[in-house]
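The sequence and the structure are shown first.

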Amino acid sequence: MKTMRSHETGGPETLKLDEVDTPSPGKGEVLVAVKACAINYPDTLIIRDMYQFKPQRPFAPGGELAGVIEAIGEGVEGYSIGDRVLAVIGNGGLSEKIVVPAGRMFPIPADVSFEKAASLLMTYGTTIHGLKDRGRISEGDTVLVLGAAGGVGLSAVELAKAFGARVVAAVSSEAKGKVAKNAGADEVVIYPREEMDKAASKELANAFKAACGPEGADIVYDIVGGQYSEPALRSIAWEGRFLVVGFPAGIAKMPLNLTLLKSCDICGVFWGAFTQREPAKFVAQVEELFELMKASKIDPLISETFPLERAGDAIAKLENREAVGKLVVTMP
């Protein structure tokens, strides 16, 4: 079988398409023929040894996938050969076939494609955990979403609207603003891609405040980080919740005096650890996502698909912050 693997620390250009033996499932595992593997921000980090988890090389990136069960190991119940499943794993999804622990899988609803199924868990899973558990979202809240046109950002727009919030989408271009609007955003703020000086940072903070309204943002959902975090924090409401989700623009240095002035919280959102520490809650949230999808309140936007041999191009596009919605690697 073919697999796209990292043999050395580096960017997507270092990945190599290898031919390896097909693995066999052990106790509590199944063998899945992968049909679609979504690309996510951790994939850009893990190959550079910048992620929290550092698998032994060579390894294939790819943390969420959808496919068909080909073989079942000892002790696995509730699944049959031929079942369509989606799974969330640490890495390994950029392979034609992969062994998956049965406890990390979910059946794919009948009317959901492999591509959309593979695009659900890491983005919408991160966001439902972030908004509900860390952000304590309530109907009527105002939510400011940074990076609102990417996969995680669009999930935040859709889920916040599903939970009855007003959404301000912050994006880097007019085109991305239209995508966020189509997903349900009430207001759009365009922020600059170039480096901002103090005056430009203040101008952006004022734009966020104007869009969020006089009370400010009850929740800031920060997927971007870097120079955009402080202006967003300055627009937060009294006792607001600033959620740290990712930082492709860099790790921000926040003036903590602002947290005192607004009596607000800065909260980390580490979904991967949450799924392992609270598995029952994780399963319940996945079931809630399926219900929201069935009710047409969420619908992953897949902007582009790539064959396995071009998986590095997909990772590069995400790394360069050029992606809109989800990028998915598909296999025959």
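The model is a predicted one. The crossing of α3 past α4 is right-handed. On the α3 side, the contact is made by T123, Y124, T127, I128 and L131; on the α4 side, G151, V152, S155, A156, E158, L159 and A160 take part. Sorted by class, this contact comprises 7 nonpolar, 4 polar and 1 charged residues.

Helix α3 also packs against helix α10, which spans residues 279–294. Here the axes come within 10 Å and cross at roughly 110 degrees, so α3 and α10 are roughly perpendicular to each other. Helix α3 contributes L121, Y124, G125, I128, H129, K132 and D133 to this contact, while α10 contributes K281, Q285, V286, E288 and L289. The residues of this contact divide into 5 nonpolar, 3 polar and 4 charged.

The geometry of the two pairs is set out below.

| Helix pair | Angle | Axis distance |
|---|---|---|
| α3 and α10 | roughly 110 degrees | within 10 Å |

Two individual residues complete the account. R241 is located in strand β12, residues 236–244. With a relative accessible area of 9%, R241 is buried, because the cut-off for that class is under 20%. The side chain of R241 forms a polar contact of 3.4 Å with the side chain of D141. A polar atom of the R241 side chain also lies 3.5 Å from the backbone oxygen of R136. Leaving aside residues up to four places away in sequence, R241 touches R134, G135, R136, D141, D218, I219, V220, I236 and D265.

S172 occupies the loop between β9 (166–171) and α5 (174–182). Its relative accessible area is 15%, and S172 is therefore buried. Residues up to four places away in sequence again being left out, S172 touches I190, Y191 and R193.

Key:
Residues numbered from 1 in each chain as written. Predicted model: local features only at pLDDT ≥ 70, side-chain atom pairs only at ≥ 80, totals over all residues. Heavy atoms only, no water. Left-handed = near helix turned anticlockwise from the far one by under 90°. Helix = DSSP H or I, 4+ residues; strand = E, 2+ residues; numbered from the N terminus. Contact = heavy atoms within 4.5 Å. Nonpolar A, V, L, I, M, F, W, Y, C, P; charged D, E, K, R; others polar. Buried < 20%, exposed > 50% of the residue type's maximum accessible area, 1.4 Å probe, protein only. Polar contact = N/O pair within 3.5 Å; in protein donor to acceptor, adjacent residues only side chain to side chain. Axes fitted to C-alpha atoms, helices over the stretch in contact; angles between N-to-C directions. Parallel < 35°, antiparallel > 145°, perpendicular 65-115°, else oblique.
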